[in-house]
Amino acid sequence: MPRPKVILHRCESYDVDRIADIIRTSIEELNLDIRGKVFVKPNIVTANRRYIHNSFTHPAVVEAMVRVLGGKPVEDICIGESGGFGIPSRLFFRESGFTQMAKKIGVRLVDLNEHPMDTVSLAKGVWHKKMLLSRYIHNADFKVWMPKLKYHIVTSITQALKLNIGILSHKERMLFHDYRLHDKIVDMLEPGFPGLVVSDAIDITYGFESAPYPVRLGLLLIADHPLAADAVAATIMGYAPHGIKHLQIAADRGYGTLDLEDYDIGGDVTIDELRQVPKGQTRLFQFLDELDTPMQFYAGTAPGTDTICDGGCECAIKGCLGTIEKRTPGALKSARKGALVTGIYKGDVIMPDGPVVLIGDCTRVEGQLTAAKVHHIKGCPMGARDLFLKIPRIFNMPNPMLDHRDAGLFLYHTAAKGLCILKNRLLPDRHAW
């Protein structure tokens, strides 16, 4: 196997010409043969023009990539995504500027949930033995992954491997999205192994990754191997690659090494220089007990395990509170006093003057439970959107879902999604892969 190559280039702004030059010269340095049908996967997990501006790969980076692909023997290009929360991706496309960018340069942009999928078997999958996979991915001759480098509330970082959650349909996205999330991510590496990684690290982000806060790092990270890209990115972000669960699992499954000395690392800036860049409150929302709020948190284990369900109910709480705080700064600090419990908690929860909320089907307190009122929100796996209707009301916080503009956009784009699915079933696109 050739040594993986990672190229680190300074890029201080989202200038399309500058980004295209960097990508073009890097592809030449990597000696990649890009041809045929090319699928481009950015991160467009969420977007909102008013308060979520940095959760997604910047459209300028993807536009530059498409411009470079235009100089290759490429038959067709498709940009695709399956966004978060079960919300139509076409809504996030418009809010992020991707719809406008795709129209300007004449490139295909698809919500993977709206187009035909094939059932594929996964030989290496631990939890996902099979999955629904978009034909645009399944039939691609070359795959380009374009993650947004971010701190993550559960997985420490989100990069090339974590990007693969977005190749799952909304029907299957939440399967095993609980204490098994780290294995789930690596399951997806089998169908989602890219030939090229181009990471938008011009602005990195911290906080809840779907409603984050930006920090200018000024970097494009380009690699020919996803595990190498993520190991270098993790080091830049201040983590030991072997300490990040899903990266270690990927290495254990034989996808590659996490040792930086096994890579060829080039470019015009070093890892040590990048590590010195201030990154703000990097742990914000990674640890609930560190939040400035009168709410208290009690994390129990998943049934039959000694493992905190970090990718399930705890993740849902972080996502819910992170979105509320991003939309209305100070909401957590002024929230009503109370407690949130996840999993099987073996201690006492004493909250005589406030509510206690048990979150998830399996959640219970095995010690003493005292509360002004006990609520039980059921679900498994639990997503952040499942909490938006009740958590804000119980703790006297503003509810993002009651915003008239956002509710209207959701209804409109849900209807448009349904019509597109119907059209594709009745009149299949003859240009589809």
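Visitor: Where does UniProt place the feature "domain: DUF362"?

Guide: The UniProt record, an unreviewed entry, puts "domain: DUF362" at residues 38-234. Such annotations may be inferred rather than shown by experiment. In this predicted model, local features need pLDDT of at least 70, side-chain atom pairs count only at pLDDT 80 or more, and totals for chains, interfaces and linings use all residues. Residues are numbered from 1 along each chain as its sequence is written, and side-chain values use heavy atoms, with hydrogens and water left out.

Visitor: What makes up the span of residues 38-234?

Guide: The span is 24% helix and 31% strand. Its end C-alpha atoms lie 27 Å apart. Helices (H or I, at least four residues) and strands (E, at least two) are DSSP runs, numbered from the N terminus.

Visitor: Why are helix 1 and helix 2 called oblique to each other?

Guide: Helix 1 (residues 16-30) and helix 2 (residues 59-69) pack at about 50°, with axes 8 Å apart. Angles under 35 degrees count as roughly parallel, over 145 as roughly antiparallel, 65 to 115 as roughly perpendicular and the rest as oblique. The pair is therefore oblique. The crossing of helix 1 and helix 2 is right-handed.

Visitor: Which residues make the contact of helix 1 with helix 2?

Guide: Helix 1 brings V16, D17, I19, A20, I23, R24 and I27. Helix 2 brings A60, V61, E63, A64, M65, R67 and V68. Contact means heavy atoms within 4.5 Å. The residues divide into ten nonpolar, no polar and four charged.

Visitor: What makes T119 buried or exposed?

Guide: T119 has a relative accessible area of 54%. Buried means under 20%, exposed over 50%, partly exposed in between (1.4 Å probe, protein chains only). T119 is therefore exposed. T119 is found in strand 5 (residues 117-121). Leaving aside neighbours within four places in sequence, T119 is in contact with K130, M131 and L132.

Visitor: Why is G418 called partly exposed?

Guide: Its relative accessible area is 36%, so G418 is partly exposed. G418 lies in helix 12 (residues 404-426). G418 and E114 are 304 residues apart in sequence, yet their C-alpha atoms are 7.9 Å apart.

Visitor: What makes helix 7 mostly covered?

Guide: Eleven of the eleven residues of helix 7 (residues 226-236) are buried. Among them are P226, L227, D230 and I236. Helix 7 is followed by G238, whose phi is positive, near 100°.

Visitor: How far apart are the C-alpha atoms of T119 and A231?

Guide: The separation is 31 Å, for residues 112 apart along the chain. A231 is one of the buried residues of helix 7, whereas T119 is exposed.

Technical notes:
Axes fitted to C-alpha atoms, helices over the stretch in contact; angles between N-to-C directions. Left-handed = near helix turned anticlockwise from the far one by under 90°. Nonpolar A, V, L, I, M, F, W, Y, C, P; charged D, E, K, R; others polar.
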